[in-house]
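Hi,

Here is the structure I promised to pass on to you.

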Amino acid sequence: MTKMVITRLQRASKQDLFAHIAGVTLLLLSLLPTLLSAAPKHTVVFDDIAQVMQQYDFDNGLSQASVTAITQDKFGYIWLGTQSGLNRFDGKRFKHFFPAQPLSNELAGGFITSLCSQTNYLWVGTQTGLSRYHLETSEFERININKEDDSVERIKNLSCNHDSLVITTDDGELYVYQAETGLRSGNDIFAKYNVSAIHLAQSRWFAVTNKGIVTKQVGAAQSELLLPGNIEQIAVKNNALVLIDDAQQVCFYQSSPLQQMWCKSLPISQMAEVFQLSLLEHDLLIASSQGAFQLSYKGEILHHFKRQQGNQKGLAENTILTIFKSQEGDIWLGTETQGLYHYRELSNAFGHVYNFKNTARNSDFYDVRSFEFDASGTLWIGTSKGIYLYSNQRFFAAESIYPSLKTFNTTFITDLTIFNDNVWITSRGAGLAKFDLTTGQTWLVKPKINNQEVESFNSVISFKGELVFSSRSQGLLTFNPNTKQFSHFIKNNENAPEHATGLYTDGEHLWFGSIGMGLFKFDGKTLVSMNQTHGLSSDLVFMIEKDAQNRIWAATDKGLSIVNQDMTLARIVERKHGLANNAIWALVKDNNGNFWAGTSGGLSHIQSDDFTIRNYLRNDGIQSNEFNFNAALKTQDGRLFLGGANGFNQFYPNAIESARKKPNVQLSSIKVLENELTPINAKELSTVPELTQSLTLKAKQNILSLAYSSTSLASDRLSHLYYRVIGLSDKWIKLEQGRNQIDLINLTPGDYTIEAYLVDRFNNASAAHQLKLTIVPPWWASNVAKISYLLFALLIGSLIVYSRVKRYRQVLSDNNKMKQLNERFEISLWASGDDLWDWHIANNTIHRFSVNSQLDFGELTDAVLLDELYRYVHPKDCILLEDKLERCISGEIDSYEIAIRVKEKSGKFRWVRDRGKVVSRNSAGVAERIAGGIQDIQKLKENELALEN
């Protein structure tokens, strides 16, 4: 019976069914409740959710659009083989590698056919040979394969584990490379068979041969036929073996002891070509010309990656050449002509349903406005173009199941609510309706209030046993089931709004929003309102919820207003606090007590305890960045439904949390003076930047750029990099959004520690990366030089001190000699009684030397004035002395000697002999300096006079 009804349900999707087979319709209506009631309530499964992916092609930096191979190295980089070059993707940028001469230390070829990653190596198979890339030195190495003195170049496929590499060539030859044994022919391992593929797992060889799958222990001589048949491909890992046979059937085995677990055919045609079969720890991957598959070990198809009609964020073609699952759990797909695609588990967790396919209504526009589940587990979906049903993993146009709903097949549905086996339907422009789930009958009505038809409604709710409808022109209306009449719910209250919006009840109170009048609270008797003048963020209030603290959350066009029960404002949450957008249309509380807000800029998750906000955007898997009023529902098992302009999302919040990954960060590039450093071209690096923990540079290498990478950047372009340079400043610096390079200029010599970490848009922070940097001073500023300078300074100082001491000692010696000479001179002067003088004519100063002079020069002790000589020279001798001096000065004579009388200190005159000699003259011959002496001849004159008498 069930099978028969399902068949009729499928046929019911055709529009002409009801017009031609009325009997089938009646049977369908009579059996549908029984059929649908068998489904578990609220456990609907959607098997065709949108595959939201990030695409990378030539315009995004990929060297070429045909991606032939994908792998990941130990640093987390995604390596991509194309038909024109090798690419390394760090989450933000592509780095290209192309062949060059000589090929011995360069990539063997540009047409990449296969990639395989080992711990420290990346193996690259090309159409022109095999290369090995050393991850820790960034060096390529050409691996020569020779067969009978000929070089084997065309590599078809590579497979490897931690210590061995299996090489398949285009001509069907097999080679095995191991570090211990080197390169050898794979045909030597299974000499008796025509081998097309070899795999190694758990010390056993597995080969695809013309007889089937053959196996043998490593080192053993004998082999055995494990599975006979025409086998196209196999993959082996641990104790699991999977194969694809010539009928495109996938079979999964336990290899030891051999036991088949399951076999199944993929939803592809016999003409499809399978390009890749990979076996992972928990799932298997298949790439084909009709899409790619991810299957569980139980045989469940987890994903069928294919082009989805109408999905602009998905695959653009079905020919998938390669599929890879990264360390982060993301899926990477290489296509034949459309480049690379990145699929995250987060987008799958959001469960975007965008295509209500195979319904009787032709439409590709699914603007979802409301949700409701009936008792049978059928999901009712209200859209801006009618009502849809989802049951038994199929969509139905509502009128194809319930003909009485045909009136609504193009109607703008605003809300759906089930009350007492009736579905109440509110609309914009078509009034409202009551659909009886038991009879299948529909009652359509446009209530008349004050002689005016009410055509547009926003929402409906049950409050204290009454149905309450929010209308766009008559405020809140209520329905009397006995009289089937509508009336105002809040009577005779001029403060009630005409345009009411969202409805919420906690059992005791009815909360509702309005357009232009704010938020309202009604307990059945008293109406209380709150608007912008009371602190509300806006007077346009949409959906309403309540948190665990009994606070009301009101969604508005200007953020969230959180209101206490006494209608006082508790808090406002806006875009500046982290919301995706201020215009909030949909609001729902999850089982964790947190809120999900559908806005005009994406989906915001808000922690109710600390108001931490995480925003999700289109690339994360949400239906679009625009959500709709009333399109929010939480089911009994905690699943959330949120609708918008492009279908709806259905997800479990905990799955979203587990799908988010903590970011990582690593150093990926070091540039000095704009030149990138590698272990090959720079002696400063002994290994690649990813493994570099310290760096020493010269003083002139003081322009440094450090680029950081993170695989999380591939899915989060809104991350921020923070860094600080300890030794320069302990302050963390935030780089602008999307920038991942630190530029350091003119660092002075010294030791520094550079720390950097990444914060994603969900406020998850990576561990901090550290690089110790030493800037070596120039030789003249080095410690050795400084010590040399100090020693030299000490030497110079010592020489100076020694010189000063020596000079001081010489001065002391000279002073002693001078003192002795002075003493002798003074004794001589004392003995002779002479006075010496030295006259500097230019400044008219005279220096006199005597031991015990008895002469009185008066005011002319330090100067000589020719017209003042009479003051100490006898008047009769003045003219004669003045004449002698003037003649010496003029140059007539160079010396003179004359006896004159000069005044004593006693006032008497005393005879002296005054002698003078010119010491120096100027260029004109005028004397500048005259020196001489005065000798006492008083006794001589007295004797002379005595003789004369």
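**What I found**

Gln650 is buried, with a relative accessible area of 8%. (Buried means under 20% relative accessible area, exposed over 50% and partly exposed in between, taken with a 1.4 Å probe and protein chains only.)

Before going further, some ground rules. This is a predicted model, in which local features need pLDDT of at least 70 and side-chain atom pairs count only at pLDDT 80 or more, while totals for chains, interfaces and linings use all residues. Residues are numbered from 1 along each chain as its sequence is written, and side-chain values use heavy atoms, with hydrogens and water left out.

**Confidence**

The protein has a mean pLDDT of 88, with 91% of its residues at 70 or more; pLDDT is the predictor's confidence in each residue, from 0 to 100. Residues 1-40 have pLDDT below 50, and in the model this stretch makes 51 contacts beyond near neighbours in sequence. (A contact means heavy atoms within 4.5 Å.) Where pLDDT is low, the predicted coordinates should not be read in detail.

**Back to Gln650**

Gln650 belongs to strand 60, residues 647-651. Strands here are DSSP runs of E, at least two residues long, and helices are runs of H or I, at least four residues long, numbered from the N terminus. What does the side chain of Gln650 reach? It comes to 3.0 Å from the backbone oxygen of Gly351. (A polar contact is a pair of N or O atoms within 3.5 Å; within protein, one must be able to donate a hydrogen and the other to accept it, and residues adjacent in sequence count only if both atoms are side-chain atoms.) Leaving aside neighbours within four places in sequence, the contacts of Gln650 include Phe46, Ile49, Phe350, Val353, Arg639 and Phe641.

**Other residues in strands**

Ile234, in strand 20 (residues 231-237), is buried at a relative accessible area of 4%. Among the residues it touches, not counting those up to four places away in sequence, are Phe206, Val208, Ile213, Leu243 and Leu277. From Ile234 to Cys251, 17 residues apart in sequence, the C-alpha to C-alpha distance is 9.5 Å.

Gln178 sits in strand 14 (residues 174-178) and counts as buried at 14% relative accessibility. With residues up to four places away in sequence set aside, Gln178 touches Asp163, Ser164, Arg184 and Leu200.

Trp443 is in strand 39 (residues 442-445) and is partly exposed, at 25% relative accessibility. Its C-alpha atom is 5.4 Å from that of Ala433, which is 10 residues away along the chain. Not counting residues up to four places away in sequence, Trp443 touches Ala433 and also, for example, Trp424, Phe479 and Phe486.

**Backbone details in loops**

Which peptide bond is cis, with omega near -10 degrees? That is the one from Ser256 to Pro257, where Pro257 lies in the loop between strand 22 (249-255) and strand 23 (258-265).

Gln393 is not a glycine, yet has a positive phi of about 60 degrees. It lies in the loop between strand 34 (386-391) and strand 35 (394-397) and is partly exposed at 43% relative accessibility. Asn844 also has a positive phi, near 55 degrees. This residue is in the loop between strand 70 (835-840) and strand 71 (845-849), partly exposed at 23% relative accessibility.

**Cavities and pockets**

Five cavities of 30 Å³ or more turn up in a search of the whole structure. On a 1 Å grid over the protein atoms alone, a cavity is a set of points where a 1.4 Å probe fits but cannot get out, a pocket is an open set with protein on both sides within 12 Å along at least five of seven lines, and lining residues have an atom within 4 Å of a point.

The second largest cavity has a volume of about 130 Å³. It is lined by 16 residues, with Arg88, Tyr133, Ser138, Val688 and Glu690 the closest to its centre.

The second largest pocket holds about 850 Å³ of space. Of its 32 lining residues, Ile461, Glu545, Ala632, Leu633 and Lys634 are nearest the centre. Several strands supply at least two lining residues each, including strand 42 (457-463), strand 50 (541-546) and strand 58 (627-634).

Note on methods
Points joined across faces, edges and corners; volume = space filled by probe spheres on them.
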